[in-house]
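Here is a short briefing on one protein chain. Look at the sequence and the structure first, then read on.

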Amino acid sequence: MGDSAYSKRLRVAGNVQPGSIRRNGPKVDFILVENDKVLAVAYRGTEPPPDTFKDNAQALADGSYGRDGVFHAKALQAKCASKYAPAPGTPTNATPAGEPAKSMTKAQGGGAGSKASGDGHEL
């Protein structure tokens, strides 16, 4: 994306690298990993990170890529991968009786730790 990456609002996604989360009040710094690529993220949003934001969680961050090589996030979403995995011995298309099926849609743009969904270009 060249220099245009620094002026666009972008969305990045990946898994939170274990041991990388550094909290300082409402500020959180961490590393996203996807396909052997790493991206440092500095979250400075108005809301605290979600409860599901932990080591190995799948995270989605909205913000901008800085000239300092850090992704500056204003919004953060996370889900614990194990929470959505089927129980052992359960067929993957089964839903427990009496519960509605959960929709697991993919974020637009695919989203790797080093990809932006704004234009689909790699950083």
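Predicted model: local features only at pLDDT ≥ 70, side-chain atom pairs only at ≥ 80, totals over all residues.

**Confidence**

- The chain has a mean pLDDT of 74. Of its residues, 59% reach 70 or more.
- Over residues 90–123, the pLDDT falls below 50. This stretch still has 40 contacts in the model beyond near neighbours in sequence.

- Strand E1 covers residues 10–16, and strand E3 covers residues 27–34. The two run antiparallel and are joined by 2 bridges. Asn-15 has Val-33 in E3 as its bridge partner.
- Strand E2 covers residues 22–24. E2 pairs with E3 over 3 bridges, again in the antiparallel sense. Here Asn-24 stands opposite Lys-27 of E3.
- Strand E4 covers residues 37–43. E3 and E4 share 7 bridges and are antiparallel. Find Phe-30, then look across to Val-41 in E4, which stands opposite.

**Strands E4 to E6**

- Strand E6 covers residues 70–79. Do E4 and E6 run parallel or antiparallel? They run parallel, with 4 bridges between them. Tyr-43 stands opposite Ala-73 of E6.
- Strand E5 spans residues 58–65. E5 and E6 are antiparallel and pair over 8 bridges. Gly-63 has Ala-73 in E6 as its bridge partner.
- Ala-73 therefore faces two partners by the pairing listed for E6, where two strands pair if at least two bridges are found between them.

**Hairpin turns**

- The hairpin of E2 and E3 has 2 residues between the strands. Gly-25 takes a positive phi near 65 degrees there.
- The hairpin of E3 and E4 also has 2 residues between its strands. In this hairpin Asn-35 has a positive phi, near 50 degrees.
- In the hairpin of E5 and E6, 4 residues lie between the strands. Gly-69 sits in the turn, with a positive phi of about 85 degrees.

**The aromatic pair**

- How many aromatic pairs does the structure hold? It holds 1.
- The partners are Phe-30 and Phe-53, and their arrangement is edge-to-face.

**Asp-62 in strand E5**

- Asp-62 lies in strand E5. Its relative accessibility is 14%, so Asp-62 counts as buried.
- Which side chain makes a polar contact with the side chain of Asp-62? The side chain of Arg-11 does, at 2.9 Å.
- Neighbours within four places in sequence are left aside here. Asp-62 then contacts Arg-9, Leu-10 and Arg-11, along with Phe-71, His-72, Ala-73, Lys-74 and Ala-75.

Conventions:
Residues numbered from 1 in each chain as written. Heavy atoms only, no water. Buried < 20%, exposed > 50% of the residue type's maximum accessible area, 1.4 Å probe, protein only. Polar contact = N/O pair within 3.5 Å; in protein donor to acceptor, adjacent residues only side chain to side chain. Contact = heavy atoms within 4.5 Å. pLDDT = per-residue confidence, 0-100. Phe/Tyr/Trp six-rings, centres within 6.5 Å; stacked < 30°, edge-to-face > 60°.
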